[in-house]
Structure formats: C-alpha cells, structure tokens
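Colleague: I would like to learn how to read a few features of a protein model. Could you take me through one?

Modeller: Gladly; here is the one to look at.

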Amino acid sequence: VSLNVIIGENGILTKSKNTLGEYEKARQEEEKKLKEMEGLIETITEPWDGQVSTDFANNNTGDNKDEPYIITNGAELAYFAQEVNDGNTFEGKYIEITKSINLNNQKISPIGLGDTTKNLIEGEWANFKSVFKGTLNGNGNIITGININEPEVCGVGLIGVLDTVGIIENLTIYDGQIIGKTCV
C-alpha cells in the first residue's frame with residue numbers, strides 16, 4: 001500500500017474527509033429546515049380541543065380541484081376521518097387543507113382505519129370498509145401534535161388505509177405520536 005493510496009488526492013483519508021464535510025453540510029441544512037418548520041408551527045394559533053365538526057369549512061361538492069372540500073382546523077380533520085371511517089371513501093373527490101393544524105396531542109382516529117384481524121398485505125386493504133380513495137392536498141401545510149394510539153390495529157397513520165387511486169400530496173406531519181400494530 002502506497003502513501004498515495006492513503007493520503008493522496010483520491011486517497012482513503014481524503015475521501016473520508018470529503019464525506020465527513022458533505023455529511024456535516026447536509027446535517028446543517030436539515031437543522032436549518034427544522035428550525036424553519038418550527039417557526040411555521042409557532043404560527044398555528046388554534047390548538048384543537050378534541051371536538052369533531054359536523055361538516056367541512058365550506059359547502060363545496062368536492063367533485064373537482066376547483067370546488068374541493070376545505071379543512072381549516074382539527075375539528076374538520078376529525079370530521080373527515082369520521083366520515084371515511086363510517087364508509088365514505090371519497091372516491092373521485094378532492095379535499096384541501098388550507099391552514100396548518102395543531103392537533104394539540106388530542107387523540108384522533110386515522111383517516112381510513114385498518115383492522116385488528118388482518119395484516120395489510122398486497123390486496124387485503126381492498127376489503128376494508130374504511131379506505132380513502134380521494135385526493136388530499138395539504139397545500140404545503142403542517143399537521144403537528146398528532147396522537148394516534150391503535151396498538152392492535154394494522155394500518156395506522158394520519159391516513160391509515162389508502163387505496164391505490166388515493167392521493168396525498170403537499171402535506172407535512174411534524175411532532176407527535178402514532179402507534180399501531182403493523183403498517184404504521
């Protein structure tokens with residue numbers, strides 16, 4: 001082994017030093033993004049009190065992107081979850097979150113709840129009654145303080161069971177706790 005292989009321009013030590021520099025740069029960038037996200041979260045002024053709304057924020061039909069159902073707070077998000085879990089798949093419907101939401105660590109049900117008797121393997125999700133099949137656009141908003149605790153359920157998350165035609169886009173989940181059996 002020559003010194004050039006160890007300390008040369010393309011040597012092991014030089015490459016290791018470069019890799020460490022790239023790692024540190026990526027770590028600093030991630031830290032910067034987290035601080036920005038924390039700043040955004042501080043602007044969320046209405047912590048959810050655990051109440052469930054009786055409808056969405058508007059009277060739109062949800063039939064297209066120009067008339068989506070609108071979610072502006074935790075109560076409306078909980079209503080949406082309740083509707084999906086009662087069997088409304090929202091197939092072909094559009095839902096938009098127009099404000100960041102602080103769920104305030106209140107317990108909320110997943111949107112599309114899995115099952116305690118099935119494992120979510122290929123195709124089994126199709127048998128669930130509560131599957132989300134629509135389009136949920138978060139518009140770059142953040143949902144924070146999520147608290148889902150379903151330790152015996154397979155298919156748990158903000159969206160617990162998503163059909164292959166379902167779409168989730170432009171949404172960030174930050175800070176909280178999600179507990180489930182499998183497919184969390």
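Colleague: Which residues make a nonpolar surface patch of about 260 Å²?

Modeller: First, some ground rules. This is a predicted model, in which local features need pLDDT of at least 70 and side-chain atom pairs count only at pLDDT 80 or more, while totals for chains, interfaces and linings use all residues. Residues are numbered from 1 along each chain as its sequence is written, and side-chain values use heavy atoms, with hydrogens and water left out. A patch is made of residues with over 30% relative accessible area and no salt bridge; like charges are joined within 9 Å, and nonpolar side chains (Val, Leu, Ile, Met, Phe, Trp, Tyr) within 5 Å. A salt bridge is a side-chain nitrogen of Lys or Arg within 4 Å of a carboxyl oxygen of Asp or Glu. Areas come from the Shrake-Rupley method with a 1.4 Å probe, and for residues only the protein chains shown count as cover. Here, I6, I7 and L13 make the patch.

Colleague: Where is I7 found, and why does I7 count as exposed?

Modeller: Helices (H or I, at least four residues) and strands (E, at least two) are DSSP runs, numbered from the N terminus. I7 sits in helix α1, residues 3-7. Buried means under 20% relative accessible area, exposed over 50%, and partly exposed in between. I7 counts as exposed because its relative accessibility is 51%.

Colleague: How many aromatic pairs does a search of the whole structure find?

Modeller: Rings of Phe, Tyr and Trp (its six-membered ring) pair if their centres lie within 6.5 Å; planes under 30 degrees apart are stacked, over 60 edge-to-face, and the rest tilted. The search finds seven pairs. In one of them, F56 and F90 have ring centres 6.1 Å apart and planes at 85 degrees, so the pair is edge-to-face. This pair links distant parts of the chain, 34 residues apart: F56 is in the loop between α2 (12-42) and β1 (69-71), F90 in the loop between α3 (74-85) and β2 (94-97). Both F56 and F90 are buried. F90 also forms an edge-to-face pair with F80, at 5.2 Å centre to centre and 75 degrees between the planes. One aromatic cluster takes in F56, Y69, Y79, F80, F90 and F132.

Colleague: Which residues have the most contacts inside the largest nonpolar core?

Modeller: In soluble globular proteins, nonpolar side chains tend to be buried together. A nonpolar core is a set of buried Ala, Val, Leu, Ile, Met, Phe, Trp, Tyr and Cys residues joined through side-chain atoms within 4.5 Å. In this model the largest has 27 residues, and L77, F80, I111 and F132 have the most contacts inside it. Two or more residues come from each of β1, α3, β2 and β4, and α3 gives the largest share, seven residues.

Colleague: Why is strand β4 largely enclosed by the rest of the structure?

Modeller: Strand β4 (residues 135-154) is largely enclosed because 15 of its 20 residues are buried. Two strands pair if DSSP finds at least two bridges between them. β2 and β4 run parallel, joined by three bridges, and I95 stands opposite L136. Strand β3 (residues 101-102) is also parallel to β4, with two bridges. β4 and strand β5 (residues 167-182) pair in the parallel sense over 13 bridges, with T135 opposite I167.

Colleague: Is G145 buried or exposed?

Modeller: G145, in strand β4, is buried, with a relative accessible area of 4%. G145 and G176 are 31 residues apart in sequence and 4.6 Å apart in space, C-alpha to C-alpha.

Methods. Buried means under 20% relative accessible area, exposed over 50%, partly exposed in between (1.4 Å probe, protein chains only).
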